[in-house]
Amino acid sequence: MSAAEALRQAFGGECREPSQLSPLVLAYVGDTVYDLFVRTMLVNNSDATVHGMHVRAAEYVCAAAQAAASERVSPLLNEKEQAIFRRARNAHIGTIPKNASIGAYRAATGLEAVVGYLYLLGEDERLKELMRTILERDAQTKGEA
């Protein structure tokens, strides 16, 4: 049973088809899932204080880092994942980023939408595969591995 399915069973609610959700809703969920993967990796691979891990996590989840990650995993995305990415990247975003270019922010939103889509779909193995690709490479460049 996937994590999303277990939560649906625990808290009820209708099972909605992820591909029918707004791309920004997918990104909303994907933002949290992405952050959870990063924090879990840091807890398992770092002796830093909580504050230190928080600072490190911010380096992984900022728009610029997620945009770079989206470029790395883009060739690995299947047709459906690419479509989700494009829908989210091109969605009308109501906020203007303070610390990132609009291009990086849009790419990060696209990546988060793919993560949210896979999570809600229950594709845990595919999600782990993509996040492993992202985090292994990032951890090597940031000295976490």
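The exercises below work through helices, a nonpolar core and salt bridges in a predicted model.

Residues are numbered from 1 along each chain as its sequence is written. In this predicted model, local features need pLDDT of at least 70, side-chain atom pairs count only at pLDDT 80 or more, and totals for chains, interfaces and linings use all residues, while side-chain values use heavy atoms, with hydrogens and water left out.

**Exercise 1. Helix H2**

Solution: 
- Step 1. Helices (H or I, at least four residues) are DSSP runs, numbered from the N terminus.
- Step 2. The expected span of a helix is 1.5 Å times one less than its number of residues.
- Step 3. Buried means under 20% relative accessible area, exposed means over 50%, and partly exposed lies in between (1.4 Å probe, protein chains only).

**Exercise 2. Helix H3**

Task: Which residues of H3 are buried, and what arc do they cover around the axis?

Solution: 
- Step 1. H3 has twelve residues and should span 16 Å; its end C-alpha atoms are 16 Å apart, which agrees.
- Step 2. Gly-52, Met-53, Ala-57 and Tyr-60 are the buried residues of H3.
- Step 3. These residues cover an arc of only 135° around the axis, and therefore sit on the same side of H3. The arc is taken from the directions from the helix axis to the C-beta atoms.

**Exercise 3. The largest nonpolar core**

Task: How many residues does the largest nonpolar core have, and which helix gives the most to it?

Solution: 
- Step 1. A nonpolar core is a set of buried Ala, Val, Leu, Ile, Met, Phe, Trp, Tyr and Cys residues joined through side-chain atoms within 4.5 Å. The largest one has 35 residues, and Tyr-34 and Ile-134 have the most contacts inside it.
- Step 2. At least two residues of this core come from each of H2, H3 (50–61), H4 (63–73), H5, H6 (102–121) and H7 (124–142).
- Step 3. H6 gives the most, with ten residues.
- Step 4. Contact means heavy atoms within 4.5 Å. Not counting residues up to four places away in sequence, Tyr-34 touches Tyr-60, Val-61, Gln-66, Ala-69, Leu-111, Val-115, Met-131 and Ile-134.
- Step 5. As background, nonpolar side chains tend to be buried together in soluble globular proteins.

**Exercise 4. Glu-81 and its partner**

Task: Is Glu-81 buried or exposed, and which side chain does it meet in a salt bridge?

Solution: 
- Step 1. Glu-81 is placed in helix H5 (residues 79–89). Its relative accessibility is 2%, so Glu-81 counts as buried.
- Step 2. Leaving out residues up to four places away in sequence, Glu-81 touches Leu-76, Val-114, Leu-118 and Arg-126.
- Step 3. A salt bridge is a side-chain nitrogen of Lys or Arg within 4 Å of a carboxyl oxygen of Asp or Glu. Arg-126 and Glu-81 form one, at 2.7 Å from N to O.
- Step 4. This pair links distant parts of the chain: Arg-126 is in H7 and Glu-81 in H5, 45 residues apart.
- Step 5. Both Arg-126 and Glu-81 are buried. A network of salt bridges links Glu-81, Arg-126 and Glu-129.

**Exercise 5. Salt bridges within a helix**

Task: How many salt bridges does a search of the whole structure find, and how many residues apart are Glu-59 and Arg-56 in helix H3?

Solution: 
- Step 1. The search finds five salt bridges.
- Step 2. Glu-59 pairs with Arg-56, with the closest N and O atoms 3.8 Å apart. The two are three residues apart in H3, so about one helical turn separates them.
- Step 3. Glu-59 is partly exposed at 34% relative accessibility, and Arg-56 is partly exposed at 28%.
- Step 4. Lys-128 forms a salt bridge with Glu-125, and their closest N and O atoms are 2.8 Å apart. Lys-128 and Glu-125 are three residues apart in H7, again about one helical turn.
- Step 5. Lys-128 is partly exposed at 33% relative accessibility, whereas Glu-125 is exposed at 56%.
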